Amino acid sequence: MSSEVTGTNSGPEEDGETGNRDGQGRNPAPEILQKYQDEKWGSVNDLVENSIIKDYETIECTKIVEKYITYNEEEMIHEVPVTQAERMNIESQYADMTAEHRDEFVPADFEEGMMDFARPETERVNPCSECNGNGRLRCGRCSGSGQNQCGSCNGSGTNYDNSQRCSRCGGSGTQVCSKCDGGGTVACGTCEQKGETWKMDFVRREFTPHEEITAEAPDVPDDFVTSADGTFVETEEESPHENEIRRETDFYDVDAEKVNYVYDDKDYELVRIDGEEVKAKSYPKNQARRLLPYVGAVVGVVILGIILWQTGAL
């Protein structure tokens, strides 16, 4: 894609405006100045009246949007009770493709996502990985002791003034664990106390979209073009890079009109994008806008003085 500059003028006409015209034979420069004066808060009120237009030019720019999807993957294990595996279709939880063919899956949209790809050849039944085949686990509440500190006496075995034994624990300072009933173990939920589970390996891929916007914009600030909507031209598909699964680039035409002008012996420029918004990196400021930073500083000093006076520091 290329950018083109048209209508460049070597200098102003005698009346202070150029002889440049748009495709309809008009000189839009005064209109652009007027629009900026009307819409930009803080600009001078006589921008149109007292500016000297040096030249007006139209510039065809291109907005380039590169989009690609990267992925990270992790080897994982699907583990469920044997009875659960027998009564449900485990394969339905995975993509239609197996892990061996996962590179053939390309997300339809440039969005975050996750997909699991099964390794059906790894299907097996063997000891539960959670309880090591025991069917039971150490109780997490009592750490396997079967006893917990008495909640009434906090383990002291006496009442609040130590005058008599705790009525709840009988003076022992402990109580039978209510979770394991004193046995120190609880049923393993992973295998449903069977000691064995159904397992299958799978690959989990997480997809992350990325977008990079650049511009081909001769003599126009790039951010003026990259922030514009533009007119869509085409999409070019590209070969993915390493750790990418999809890559393509969208191209948009963005029309820019640039006005170079002089105000108060200083050079400025305005750029109208796609016939709508007028932008500038700098502009002539009115007196109130120029004084605003100083007014803010004075107000800050006054407030600080009042605070110091009220606190007795002055």
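Modeller: Happy to walk through this one with you: a salt bridge here is a side-chain nitrogen of Lys or Arg within 4 Å of a carboxyl oxygen of Asp or Glu. The model is predicted, so local features need pLDDT of at least 70 and side-chain atom pairs count only at pLDDT 80 or more, while totals for chains, interfaces and linings use all residues. Residues are numbered from 1 along each chain as its sequence is written, and side-chain values use heavy atoms, with hydrogens and water left out.

Colleague: Thanks! How far apart in sequence are the parts that Lys 199 and Glu 79 tie together?

Modeller: The closest N and O atoms of Lys 199 and Glu 79 are 3.7 Å apart, and the two form a salt bridge. Helices (H or I, at least four residues) and strands (E, at least two) are DSSP runs, numbered from the N terminus. Lys 199 sits in strand β9 (residues 196–216) and Glu 79 in strand β2, so their pairing ties together parts whose separation in sequence is 120 residues.

Colleague: Which residue forms a salt bridge with Glu 75?

Modeller: Glu 75 lies in strand β2 (residues 52–81), and its partner is in the loop between β3 (113–118) and β4 (124–127), so the pair ties together parts that are 44 residues apart in sequence. The closest N and O atoms of this salt bridge are 2.6 Å apart, and the partner of Glu 75 is Arg 119.

Colleague: How many salt bridges does a search of the whole structure find?

Modeller: Another pair is Asp 201 and Arg 124, with 3.0 Å from N to O. There is also a network of salt bridges that links Lys 67, Arg 246, Glu 248 and Asp 250. For the whole structure, the number of salt bridges found is 19.

Colleague: Within what arc do the buried residues of helix α1 fall?

Modeller: In α1 (residues 29–39), the buried residues are Ala 29, Ile 32, Leu 33, Tyr 36 and Gln 37. The arc is taken from the directions from the helix axis to the C-beta atoms. On the other side of α1, Asp 38 and Glu 39 are exposed. The buried residues line one face of the helix, because down the axis they fall within an arc of 135°.

Colleague: How many bridges join β11 to β12?

Modeller: Two strands pair if DSSP finds at least two bridges between them. Lys 258 stands opposite Val 271 in β12, and in the two-residue hairpin between these strands Asp 264 takes a positive phi near 55°. The strands β11 and β12 run antiparallel, and the number of bridges joining them is eight.

Colleague: How far is the sulfur of Cys 142 from the closest cysteine sulfur?

Modeller: A disulfide is a pair of cysteine sulfur atoms within 2.5 Å, and by this rule the count comes to zero. Cys 128 is in no disulfide, with the sulfur of Cys 131 at 3.8 Å. Cys 142 is buried, with a relative accessible area of 6%. Its closest cysteine sulfur is in Cys 180, too far for a bond, at 3.7 Å.

Note on methods. Buried means under 20% relative accessible area, exposed over 50%, partly exposed in between (1.4 Å probe, protein chains only).
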